[in-house]
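Hello,

Here is the structure I promised to pass on. My notes follow below it.

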Amino acid sequence: MLNIALFGPPGAGKGTQSEFLIKKYNLFYISTGDLLRKEMAGKTKLGLEAQSIIAAGGLVSDEIIVQIIEKTITDNPSSNGFLFDGFPRTYIQAYILEGLMLKLHTSLNCLISLAVPEEESVRRLLNRGITSGRSDDNEAVIRNRLQEYHQKTLPVLQFYKDKGNYVEIDGTADIDQVHERITTIIRNELSKRLFNVVVFGYPGSGRGSQGKALAKHFGLEYVATGPMLDHEIKVGSAIGKQITALYENGQLVPDEIVVQLIEKRLSESRGVKGFIFKGFPRTLVQSYILDGLLQKHGSTIAQIIDIEVPTLELIRRLDERSKTPGCMPYDSSTAKIVKRLQEHETKTMPVIKKYNQLHGVSKIDGQGTFDEVFARIATVIEDGFKGMR
C-alpha cells in the first residue's frame, strides 16, 4: 500500500499534483473537508454529529475526523493506497495518523512538501482571483491564509523530518518538472517494498512446482514450510529434534515452531525483492500470523494466487504422483487423498475468502501444460510488479 501526505501552501499546485498521483498510482484521495461534507450530506451518524458542532460555531474534533478517515480507508480496500491532502494539520494529528496507520497495519510512506515562497504564492493566487471570482483571492486574505498555514504546518513538517520520511520539492518549477520529481520520490519509495506472493491451491494443483519456478523467474525467495522443517531435521538443530519427536508420535508441528522458522527466514534474508509463500498460511489463525510477521518486518502481502483445478483432475494427478519418488504421505490411498482435499476445503478455503475480501485473489486456471499455467501466473505477477512502479 502506498500512502502519501501532500503538503504545500495555498497556490502551491496541490490540486493539480493530486489529480496526477490519484490516476497514476490508483490512490484514494482523502481531504478532511471533502469527507466531512460527504458524511453530512449522507446524514450519517458522524456527519450529523459534525453538522451539529459546526452549526453551534464549533470546530469538528479530531475524534470525529479520525473515525471518518478510518471508515474511508476500510471502505476502500481495492485502492493501492491513500493520498492525504491537508491532513495531518497539527502536531497532534500527526500522532493520530501514526496510530491509525499502525491499527490498519500500514504506514505513511512519505510526506511530500511543495515549497513555494510567500510572494510567489500571493502572485499565483491573485492571478487565480482574476478568473475565479473567489472573494478570498485578495491580498489581505491570502497573506492571512499563508501565515496561518506556516504557523500550523511547521510543527507537522518537523515531525516528519524527525521521522526521516519528509521530502521537499521546489514548487516553483513547471508542472511537468514537479510531476517528474514526485514520480522519482515515489519510485524510490516503491523500490523499498517487498513483493510478497502467497500461492494457494488444492494438493495436486501444482502450487509447489509453480512456486519454485516463479520465485526463480522473478528473483523472489521461495518459502515452503515442508522443506524448512526437513532442513531442521537434517542439520540436527534443537528445533529439528523437536520436529522429529512430534513426527515419531504422529503429531502435527505446532504453529509456534513454524512461525519461528518463517521469522528466521525473513530476518536472515537480505537484499531480496520479496517472497513466495507456499503451504503457509493454511488456516485462518496462520493467516493472521503471516500478516503480523510481515507487518513486523515493514511489509505486507502484495499478491495472492489461487490455482484452480477440477477435483477429478486433482485425484488423478495425486494418484499418479503416488507411483513416483515425489509421493507425499497423503498420496498413498484414495481415502487419504480425499481426506487431504476435504481438509483444504474446510481449513484453507476460508483463508482464501478472507484474503479475497481484503486484497483480492487472482484465480488461475491450473489445467494445461506446466508452461501454460506458468505463463498465466507470470502475467498476473508481472502486472503486480508494474503496479508497484
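This is a predicted model: local features need pLDDT of at least 70, side-chain atom pairs count only at pLDDT 80 or more; totals for chains, interfaces and linings use all residues.

Is strand β9 (residues 303–308) largely enclosed by the rest of the structure or open, and why? Strand β9 is largely enclosed, because five of its six residues are buried. The cut-off for buried is under 20% relative accessible area.

Strand β9 has two pairings to look at. With strand β6 (residues 197–201), β9 pairs in the parallel sense, over five bridges. There, valine 197 stands opposite glutamine 303 of β9. With strand β10 (residues 362–365), the pairing is also parallel, over four bridges. Here isoleucine 305 stands opposite serine 362 of β10.

Now the annotation. An unreviewed UniProt entry lists Gly11, Ala12, Gly13, Lys14, Gly15, Thr16, Arg128, Ala173, Arg321 and Gly368 under "binding site". These positions cover 358 residues of sequence, and they are spread in space too, with C-alpha atoms up to 72.5 Å apart.

I took a look at two of the listed residues. Threonine 16 sits in helix α1 (residues 14–25). Its relative accessibility is 38%, so threonine 16 counts as partly exposed. Beyond its neighbours within four places in sequence, threonine 16 is in contact with Ile175 and His179.

Arginine 128 lies in helix α6 (residues 118–132). Arginine 128 also counts as partly exposed, because its relative accessibility is 32%. Partly exposed covers the range between the buried cut-off, under 20%, and the exposed one, over 50%.

Best wishes

Key
Residues are numbered from 1 along each chain as its sequence is written. Side-chain values use heavy atoms; hydrogens and water are left out. Buried means under 20% relative accessible area, exposed over 50%, partly exposed in between (1.4 Å probe, protein chains only). Two strands pair if DSSP finds at least two bridges between them. UniProt positions are given in the numbering used here, feature names are shortened, and annotations may be inferred rather than shown by experiment. Contact means heavy atoms within 4.5 Å.
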